[in-house]
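Please look over the sequence and the model below. The report then takes up a metal site and one further residue.

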Amino acid sequence: MLRFEATQMILRHAGDRPIVANLGPTTDELWHAGHRDRNFYTYGNMGLCSSLALGMALSTPEKVVSLDGDGSLLMNLGAIASIGREQPKNLVVIVWDNQQWGQTGHQPSHTACGTDLEQVARSCSISHTATVRDLETLEQVFCQALEEDGPWFIVAKIEEAGYMPVSPIEPEMTLYRFRNSFLKK
Ligand SMILES: Cc1ncc(C[n+]2csc(CCOP(=O)(O)OP(=O)(O)O)c2C)c(N)n1
Ligand SMILES: [Mg+2]
């Protein structure tokens, strides 16, 4: 499953729900798949995507989607424990698991060597979990996660087809647009 196609599918189903994107290619592909006010792009802040999404989920009744990365989440496994502790019903975490720190040179990550992030989530009291390897299954599980209470933790094993141009996003503008989108409601 290609991450970009999976990102396009997520956007088709997400409606107006907030989406937080991991740094690097995940943010770039989200921008190319469809720029919108409710996309929260991140730069440089490795390991914080799902922590940001957790904070948002605790602050809004809307369902919040986190598009995290294996390498980033491995750097901050405490984020999974905090999600398990807080049990936000409105949080859906998807981990784009390419089993590598892709952007910095494709070094194999722990998930290439046996670490099972779904099992980590389960052991942190997150009971709605899945590991998926194809687009159809991801679509099925994601639609279920949008309908049913979470927290949800979905590991999506993905591949990349080369990097897209870096998205022309200013972090300050991301914050401005994103906050305003909540005020407008
Ligand atoms: C604290 C910190 N350490 C290292 C980096 C450099 N860095 C940027 S992206 C990245 C890899 C991220 O891996 P992953 O989340 O799996 O995303 P992928 O690149 O595979 O899509 C690294 C190590 C950083 N931005 N911040
Ligand atoms: Mg990765």
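Aspartate 70 counts as buried, because its relative accessibility is 2%; buried means under 20% relative accessible area, exposed over 50% and partly exposed in between, with a 1.4 Å probe and protein chains only. This is a predicted model, in which local features need pLDDT of at least 70 and side-chain atom pairs count only at pLDDT 80 or more, while totals for chains, interfaces and linings use all residues. Residues are numbered from 1 along each chain as its sequence is written, chains are lettered from A and ligands numbered from 1 in the order in which they are written, and side-chain values use heavy atoms, leaving out hydrogens and water.

The magnesium ion (ligand 2) is coordinated at 2.1 to 2.2 Å by Asp70 (OD), Asn98 (OD1) and Gln100 (O). Donors are N, O and S atoms within 2.8 Å of the metal (3.2 Å for Na, K and Ca); water is not among the atoms, so sites may look incomplete. Along the chain, the donors of this magnesium ion follow the spacing D-x27-N-x1-Q. Aspartate 70 lies in helix H4 (residues 70-75) and asparagine 98 in the loop between strand S4 (91-97) and strand S5 (100-101), so the pair ties together parts 28 residues apart in sequence. Helices (H or I, at least four residues) and strands (E, at least two) are DSSP runs, numbered from the N terminus.

The table lists relative accessibility.

| Residue | Relative accessibility | Class |
|---|---|---|
| Aspartate 70 | 2% | buried |
| Asparagine 98 | 11% | buried |
| Glutamine 87 | 33% | partly exposed |

Glutamine 87 lies in the loop between helix H5 (78-86) and S4.
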